[in-house]
Amino acid sequence: MAIKLDILVMAAHPDDAELSCSGTILSYIALGKKVGIVDFTRGEMGTRGTPEIRLQESNEATKILGLHARENLGLADGFFQNDPASQLILMEVIRRYKPEIVLANAPSDRHPDHGRAAKLVVDAAFYSGLVKITTDIDGQPQEAHRPRAVYHYIQDRMLTPDFVVDVTPYVSRKIEAIQAFKTQFYDPQSTEPETPISGEHFFNFLKSIRIIKNNTTTRILKLKRNIH
């Protein structure tokens with residue numbers, strides 16, 4: 001039986017969660033909360049790396065973050081849809097982990113997978129609370145479960161946050177978790193093609209994405225909706 005999670009982070013690609021909300025993940029694990037990540041795809045459409053290497057990188061990031069659970073759904077990178085089949089897959093996951101809070105991709109972003117994943121999560125989280133939609137594990141029916149809320153983390157495009165989470169004590173470990181994805185980010189020794197996120201300029205930009213509020217460095221999340 002899967003462990004019950006307090007927070008379930010859902011992400012279109014391996015490294016989405018690390019880039020966008022790993023500081024928040026670390027801060028809540030430090031408070032004793034149980035947190036897990038579900039990656040939708042293996043990132044197989046990415047210019048750099050391979051699905052096998054990205055899985056190894058994901059496993060390393062999982063250790064750094066101290067996650068209580070992580071899995072990959074193996075949906076088609078670039079081609080998964082917000083359709084009944086995908087919704088049922090996510091509902092099975094939500095009902096299995098029974099999270100109180102779900103964190104999801106940005107509702108609007110440069111990569112079309114992100115916005116599509118965001119809507120998929122919102123719909124699946126609502127439908128998972130409907131008792132007449134049935135899912136099962138190993139032939140055993142699952143109980144309906146609806147998270148208390150779905151929130152969206154900010155990604156490529158800057159969005160106005162509804163609230164902020166102070167992750168100052170966890171910035172260095174957040175960077176370490178991101179750097180676990182060696183094929184995707186700045187590596188002066190790499191011979192792979194350059195991408196918008198592989199250059200040194202992007203990593204410097206990444207380190208600077210924060211809000212200074214009351215003289216405290218904070219990392220931002222955007223509130224999507226309460227789905228009760």
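Is His152 buried or exposed? Select His152 and see: at 1% relative accessibility, His152 counts as buried (under 20% relative accessible area; exposed is over 50%, partly exposed is in between, with a 1.4 Å probe and protein chains only).

Before going on, a word on what you have open. This is a predicted model, in which local features need pLDDT of at least 70, side-chain atom pairs count only at pLDDT 80 or more, and totals for chains, interfaces and linings use all residues. Residues are numbered from 1 along each chain as its sequence is written, and side-chain values use heavy atoms, with hydrogens and water left out.

**Stop 1: His152**

Stay on His152, which sits in strand 7 (residues 149-153). Strands here are DSSP runs of E with at least two residues, helices are runs of H or I with at least four, and both are numbered from the N terminus.

**Stop 2**

Next, pick Asp15, in the loop between strand 1 (7-11) and helix 1 (16-30). Check the backbone here: phi of Asp15 is near 95°, a positive value in a residue other than glycine. Most residues other than glycine have a negative phi. Asp15 has a relative accessible area of 4%, so it is buried.

Bring in Arg54, whose salt bridge with Asp15 has its closest N and O atoms 3.1 Å apart.

**Stop 3: Asp39 and Arg70**

Here is another one of those salt bridges: select Asp39 and Arg70, whose side chains meet at 2.9 Å, N to O. Asp39 lies in strand 2 (residues 35-41) and Arg70 in strand 3 (residues 69-75), so this pair ties together parts that are 31 residues apart in sequence. Asp39 counts as buried because its relative accessibility is 2%.

**Stop 4: Glu100, Arg148 and Lys4**

Which residues are linked in a network of salt bridges? Show Lys4, Glu100 and Arg148 together. Between Glu100 and Arg148, the closest N and O atoms are 3.4 Å apart. Glu100 is in the loop between helix 3 (84-97) and strand 4 (101-104), and Arg148 in the loop between strand 6 and strand 7, so the pair ties together parts 48 residues apart in sequence. Glu100 counts as partly exposed at 25% relative accessibility, and so does Arg148 at 41%.

**Stop 5: Asp138**

Move to Asp138, in the loop between strand 5 (136-137) and strand 6 (140-141). Phi is positive at Asp138 too, near 50°. Asp138 is exposed, with a relative accessible area of 77%.

**Last stop: a nonpolar patch**

Finish with Phe126, Tyr127 and Leu130, a nonpolar patch on the surface with about 230 Å² of accessible area together. Patches are made of residues with over 30% relative accessible area and no salt bridge, joining like charges within 9 Å and nonpolar side chains (Val, Leu, Ile, Met, Phe, Trp, Tyr) within 5 Å. The areas come from the Shrake-Rupley method with a 1.4 Å probe; for residues, only the protein chains shown count as cover. Tyr127 belongs to helix 4 (residues 112-127) and, at 31% relative accessibility, counts as partly exposed.

Methods. A salt bridge is a side-chain nitrogen of Lys or Arg within 4 Å of a carboxyl oxygen of Asp or Glu.
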